[in-house]
Amino acid sequence: MRAAASASLRGRALLERVPYVSGASVGAWLLTLGLPALFLHVEYQPGLTVGLGSTSVGVELADVAVLAIVVAAAVALLTGRGELPRAGLPVWIPAALLLVLIAAATVFPLAREADYAFADHAVTAVKFAEYALLAAAVPVLIRRTADVRLLLVGVAAWAAFATTVGVLQFLGLVDEFEGRRPGQREPSLLGIHDFAALSAAALALALVVVALGAERPGARRIAIVAGIAGAVGVVLSGALAGVVAVVLSAAACAVAGSVRRLLTARRVLALAAIAAAVAMGVLAMRSADLDELLDVIGVARAEESGNVESYAHREVLLYIGLRIFLGHPVLGAGWQASFEEDVYGPYLDDARRRYPDEPSLVFPSPAHPWGVQNAYVQALADLGLVGLALLAALVAAGFVLAGRVALRGPPVVAGIGLVALCWLLVVLGVWTGVGLIPGLPVTALFWLALGLAVASARGFT
């Protein structure tokens, strides 16, 4: 007993010396410990599949993490140790309306007797709503500055781990999804665009510190780790959508620093240099010129997967997505209906005539239901103008809450509001390369960013 008590005291004393961690609540710890599951590709997650009528429901580690976070928030609400801030109403209302529309959009296709996999898409609608609960859970669990510090440390730490894995993949020392393929764009443990999203979110922590400064040495140390891991991770992902995210975040930080009269010429140059370095690194990853360097250091560059990753392929999918929207302009074709042959099929002949030089693999088919691979066009195709308007209203609400804090809030919370704003910008950038897919890490980042925006608007003790 005495030895156990002594060990506990030593552990607590060690914890008190860890920057940004001391004094965090149990709920904040639970949220932070759930980050690796939320930012992990489903292929690496343990899980089980449960049969449900004509479909099946996959329960992965990320689902368990979300459930644990939501239950912790519910317990805090029921015991009076937390509350849903009234400041979040501008977010809760469009979020609820969007979820209602998604639920209805799983039924619309049935009314027109479409060949629509209702059960499958109903499951994805539920999962999208499940992740949306993170936006409500975050402000309930994150109530003190120590809580948000722990969350940001968790993001920096997991991003650093993911980038380390990406570097090892790049050097050909560990496998990725398709085996050992050194010297190319790397997915780490997430996938190309989700790796870019996590890395850009971590890099945003450094950009905020560059723009606003940091009073505590611990903040600067965390910013250095997050900045290096984030920048290298975005470059390794080779995602131009990640470059968009970084440039938008750097611009937002520059504006916030200027409005708060903290922006010096040195800080402007630092923000510009970081964004430029990341952009140049990504362009190098996408360039054949990298082959010579890899040959010099003895790393063989594997062939890219070709047509499926090309911009011509994305242009084809965007064309089909826009044609679907024009055919169903108000409420869309139905939730995730852009993956259905019954929906995209009528436009395939026109697409082939418009893009005659593209191979058959580029066009969607039952064997390869590519989807739209752009969140905005998919929102138009699946949910129509109403859906895109609700999504835009939700994003705008998060921007207003986080932006107001970042520009006019007290110094102690201004940086947190700016982080939330940057995370939203990261999502907007990465959404140019991925669709509205439930369960993706970028989807988790979206709802976490909204929750952090609400928490910053409420303030911290």
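The charged end of Arg-352 sits over the ring of Phe-363, 5.3 Å from the ring's centre; a charge counts as over a ring if NZ of Lys or CZ of Arg is within 6 Å of the ring centre and within 35 degrees of the ring normal. The model is predicted, so local features need pLDDT of at least 70 and side-chain atom pairs count only at pLDDT 80 or more, while totals for chains, interfaces and linings use all residues. Residues are numbered from 1 along each chain as its sequence is written, and side-chain values use heavy atoms, with hydrogens and water left out.

Rings also meet other rings. The whole structure holds eight aromatic pairs, where rings of Phe, Tyr and Trp (its six-membered ring) pair if their centres lie within 6.5 Å. Such pairs join Phe-128, Trp-335, Tyr-376, Trp-431, Phe-446 and Trp-447 into a cluster.

Next come the helices, which are DSSP runs (H or I, at least four residues) numbered from the N terminus. Helix H11 (residues 240-259) packs with helix H18 (residues 411-430) at an angle of about 150°, their axes 8 Å apart; axes are lines fitted to C-alpha atoms over the stretch in contact, and angles run from 0 to 180 degrees between N-to-C directions. H11 is therefore roughly antiparallel to H18 (an angle over 145 degrees).

Helix H9 (residues 192-212) and helix H12 (residues 265-285) pack at about 160°, again with axes 8 Å apart. H9 and H12 are therefore roughly antiparallel to each other.

Terms used. Phe/Tyr/Trp six-rings, centres within 6.5 Å; stacked < 30°, edge-to-face > 60°. Helix = DSSP H or I, 4+ residues; strand = E, 2+ residues; numbered from the N terminus. Parallel < 35°, antiparallel > 145°, perpendicular 65-115°, else oblique.
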